[in-house]
Each structure stands twice: as structure tokens, then as C-alpha cells.
Amino acid sequence: MAGIDERQAFAKLEALKDIRNKTINLEKTRVSLLCDVGQMEDEDRCLQEYRRELELLQQEKMAHVEELRQIHADINAMETIIKQAEESRRAAQDNARKLLSEYVPLKQDVNRMRTDLLDLEKLPEISDEEKDRLKTAGVLEKDKSLSDPWPMPIRESEKSICSSTLSLPPPQQNPFFSMAGQHSPIFGNLGLSKPQFGNHGSIAPLPNPPPFRYQQQPPPMKSCLSCHQQIHRNAPICPLCKAKSRSRNPKKPKKKD
């Protein structure tokens, strides 16, 4: 009986030892689990903050994209205004040159008539300041003087008359109609006269063909992978967000022989 009690006692001691070890492991596992749960909660809070920051960054990015789009629109509008201003300046310069070419010969003619016919003094000359303004504006050539004789310009009416006289050939008489009223030794008097044609003004003019209109095809476009805006298909960098653009169908490298 004593031996059986001792074995039971040793068995209980071994069981207590196992229970103690397992209890310690259980406590360690519980502490590790709580640590992991706490770390997960901290990461969840950080993820929420990161997502809010990402949304703010996305909003800021879209705001910058809108600003860039507005800047590009302003640049295009300013370029259009500059082109219009250059055209207006060129037209004003051409008109000023034309008026100067009419003013100088007319003034010289008036001065000649004043001195030769009426013994009057010449009209006052253009001041040096005005001459410098004309030369700076490109209206008066730098090597040209206003005191030298200038040729009288040909007016538009004279140009049209000269061009019309040069382009129209002189009318020629048809020899058949000139022989119609004469006496022929073979056929006698033909008794022919010039036919009376109708009024040319009654002939209806041909309708003008419709003007040809060239419609320019829009360039091929693609969507930017960063800001999702339409850009040119071959653009290596997006002009709005400055992100690199990659082609969805890249060219395959040629195989070397």
C-alpha cells in the first residue's frame, strides 16, 4: 500500500509540474496575444491617419492639376493675344509706310509749287525726334533721307486701270463679217450681216462652287495614368502633372541578325 501511495504522489507531483509549465506558457501566450492586439489597434489608427493624409494629397494634387490646366489655358490665350497684337502692329506698320510714301512726295510737290510759283517758303521739316520715332518703328529706313526726292506712288485706281488695259487685248474684226456686205465676183452680193446676239447681261452666271473647307483631324490622345487627363499619344511626360507616360503597346525591339 505504501508503494502505491508513493507512485500516486509522484504522479500528482508530475501533473502539478506539467500544469505549472503549461500555465506559464499560457500566460506568455496571453501576454503575446494582447501585445499583438494592441499593435494591431495602433496600426489601425495609423492606417486611418495615412488614408486621410492620402486623400488630402490627392485633393491637393487635383487642385494643382486644375491650376496647371488654368495656367496652360492662360498661356494659350496670351499667345493668341500676342499673335493678334503682332498682326495689328504689322498692319499699322504697313499702313504707316504707305502713308509716309504718299506724304513725302506730296510735301515735296507742295514745296516746289510754293517756291516756284508763289515765292513762298517751304513747309517746316519733320523734327529729328519724329524721324527717330519713324526709324525706331521701322517705318522709315535708316539709310533713307526725307530730303531726297521720292517717287509719287501709284494709286489703287490707276493700278486697276493699268492692269485692266494690260490684260484685255484689243478687239479684232472678224473678216467674214467684213466681207458680208461686199460684192463677190463669184457669189455676188452675199447679203449677210452680222448676227444680232442677245444681251450678254441676260445670260445667267454659273453658280459658284461651294468653298472647300479643310477639316483638321484631332491628334491621337490617351489618358494619363496619374492625373487621368487627355494628353497626346506620343507625349513622354504629362504636361499637367509632369508624370512619365508609358505606352500600353510599347514597340518591340528589333532582333539582331
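**A guided tour by selection**

Begin with Cys 46, which is partly exposed because its relative accessibility is 26%; buried means under 20% relative accessible area, exposed over 50%, and partly exposed in between, with a 1.4 Å probe and protein chains only. This is a predicted model, in which local features need pLDDT of at least 70 and side-chain atom pairs count only at pLDDT 80 or more, while totals for chains, interfaces and linings use all residues. Residues are numbered from 1 along each chain as its sequence is written, and side-chain values use heavy atoms, with hydrogens and water left out.

Select Cys 35 next: it too counts as partly exposed, at 48% relative accessibility. How many disulfides does the structure hold? The number is 0, a disulfide being a pair of cysteine sulfur atoms within 2.5 Å.

**The whole chain**

Helices (H or I, at least four residues) and strands (E, at least two) are DSSP runs, numbered from the N terminus. Of the 257 residues in the chain, 10% are buried. The chain exposes about 23,800 Å², of which carbon and sulfur atoms supply 58%; accessible areas come from the Shrake-Rupley method with a 1.4 Å probe, and for residues only the protein chains shown count as cover. Among contacts (heavy atoms within 4.5 Å) between residues at least 6 apart in sequence, 36% join residues at least 24 apart.

**Colouring by confidence**

Colour the chain by pLDDT, the predictor's confidence in each residue, from 0 to 100. The mean for the protein chain is 77, and 69% of its residues reach 70 or more. Which element has the lowest mean pLDDT? That element is helix α4 (residues 175–178), with a mean of 44, whereas α1 has the highest, 92. Select residues 174–181, where pLDDT stays under 50 and the model has 13 contacts beyond four places in sequence. Then select residues 183–205: pLDDT again stays under 50 there, and the model has 19 such contacts beyond four places in sequence.

**Along helix α1**

Select Ile 19, located in helix α1 (residues 2–117). Ile 19 is exposed because its relative accessible area is 52%.

Is Gln 93 buried or exposed? Gln 93 counts as buried, because its relative accessibility is 15%. Leaving aside neighbours within four places in sequence, Gln 93 is in contact with Ala 137, Gly 138 and Val 139.

Lys 107 is another residue of helix α1, and is buried because its relative accessible area is 10%. Not counting residues up to four places away in sequence, Lys 107 touches Leu 123, Pro 124, Glu 125 and Ile 126.

Finally, select Leu 225, in the loop between β3 (221–223) and β4 (230–232). Leu 225 counts as exposed because its relative accessibility is 59%.
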